[in-house]
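This report goes through one protein model, from strand pairing to domains and ligand. Please keep the sequence and the 3D view open while reading.

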Amino acid sequence: MRYDFDTVIDRRNTDCAKWDGMAPLFGADDLLPMWVADMDFKAPPEVMEALRERLDHGVFGYTRRFEPYREAIAGWFLRRHGWQIDTAWIRHAPGVVPALAISIMAFTQPGEGVLVQPPVYYPFFSTIRGRGRTVVENPLKFAGGRFEMDFDDLERKLDDSAVKLVFLCSPHNPVGRVWSPEELARFGEICAARGVVVVSDEIHCDILYRGVRHTPLASVSDAMRESTVTTVAPSKTFNIAGLATAAVIIPSRRLRDDYQSLVDFMHIDGGNVFGALALRAAYEKGDEWLDALLEYLEGNLDFIESFLAERLPSVALVRPEGTYVPLLDCRSLGLSGPELERLLVERGKVALDGGHWFGSGGDGFARINIATPRALLKDGMERIASAIGGL
Ligand SMILES: Cc1ncc(COP(=O)(O)O)c(C=O)c1O
């Protein structure tokens, strides 16, 4: 393999959230971190090369993103996902979560409802509540080892006229589903019939396992194109989250103008010279590296499955179709979310995101970050087994 994912890189003392920022959340910093969704791998050499060259130039004044930047985004989505984006639809955000927060302010009023599908990425809740909007839950159903949308409940909840906006997580963190074209079409019909705006958070869209394809929600129908705000970024895919650069794709002129007016008001359109460069290098030259990464991650999933079968059959991997942060189903242990978290931290010395952090339906699960060298994954699984095995 041309790329190396096996070398363990010491990330301590780099101001990284995953290794240096554990204590406030887990009460200890001597744990093996398998939480927060970034990777323990170096960014692609193609990205590092572009950054190095720019670093050597030495002048880092105000920066702008020009047409080649937008073309790199459009090129990637056409190549990888068959989605034709007009570059005029592309807007900027310093991250996907900031784009969610801006959307809350742009498309809803205080007191109005925003629908989410828990268990789901927890900043969905804080962005909604942070500006006095109301969380409306359309919980996912878990059956036969797989999470699914509850369409009847979705219809009922949207018929509550206070819901003006829907946050879709596609692919879904943490349940690992890559929604099928049929599921998205049905979801889209239900939303379009009620005239709600959908923010489709597609940040995980490049992390797809064998035989799975991602469908952008905005591509499923004309109605969805006109009512969807799609958030994407190269940050998860290429491990460049610290460069704080995301793209927001808004085909509707009206929604785009509403979004942009807030970006202008907050003066956050300038962006970061390294983030912009890294995005371009990644989307223009990152295909081969990503294909190699996906193979490695698939190997990590296989490793976890055989480890659990042999050593810890009371725990099951909810095998993901996409994302590198799947759930471990620990419900057979009969522990509450906080009890499970404490057990893993205190007995296993390992830090995972608690399933209960993701809201309804997350209790009894733990989310594991598999984007790490096999040696660290093995260490983590041993720790989980030593914490749980003795129960
Ligand atoms: C669904 C989802 N959206 C957004 C983010 C973070 O986005 P950003 O770092 O660009 O704000 C994450 C990170 O885990 C995520 O899982």
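## Terms and basis

Two strands pair if DSSP finds at least two bridges between them. Strands (E, at least two residues) and helices (H or I, at least four) are DSSP runs, numbered from the N terminus.

This is a predicted model, in which local features need pLDDT of at least 70 and side-chain atom pairs count only at pLDDT 80 or more, while totals for chains, interfaces and linings use all residues. Residue numbers start from 1 along each chain as its sequence is written.

Leu328 stands opposite Ala366 in S15. Strand S12 (residues 327-329) pairs with strand S15 (residues 365-367) in the antiparallel sense, over three bridges. Strands of a sheet pair through backbone hydrogen bonds, either parallel or antiparallel.

Both strands belong to an open sheet of four strands with antiparallel pairing, in the order S11-S12-S15-S14. At the edges stand strand S11 (316-317) and strand S14 (353-354); each has a single partner strand, so one side of each is left without a neighbour in the sheet.

## Overall fold

The protein contains 15 helices and 15 strands. Its C-alpha trace spans about 60 × 55 × 40 Å along the principal axes. The radius of gyration (taken over C-alpha atoms; the globule rule is 2.2 Å times the number of residues to the power 0.38) is 21 Å, which agrees with the value near 21 Å for a compact globule of 391 residues.

Of the 391 residues, 48% count as buried, meaning that 20 or more other C-beta atoms, placed from the backbone, lie within 10 Å of the residue's own. Two residues are in contact if their C-beta atoms, placed from the backbone, lie within 7 Å. Among contacts between residues at least 6 apart in sequence, 73% join residues at least 24 apart.

## Two domains

The domain assignment, with bounds from an automatic or database source, gives domain 1 (17-44 + 287-389) and domain 2 (59-284). Their C-alpha centres lie 25 Å apart.

In domain 1, 26 residues are in contact with 33 residues of domain 2. Helix H13 (residues 287-311) supplies the largest share of this side of domain 1, three residues. The side divides into 15 nonpolar, seven polar and four charged residues. Here Ala, Val, Leu, Ile, Met, Phe, Trp, Tyr, Cys and Pro count as nonpolar, Asp, Glu, Lys and Arg as charged, and the others, Gly among them, as polar.

## Ligand shell

Around the ligand are 13 residues, each with its C-beta atom, placed from the backbone, within 6 Å of the molecule. The closest are Ala37, Gly95, Val96, Val97 and Asn173. The shell divides into nine nonpolar, three polar and one charged residue.

Note on methods:
Buried ≥ 20, exposed ≤ 12 C-beta atoms within 10 Å, placed from the backbone.
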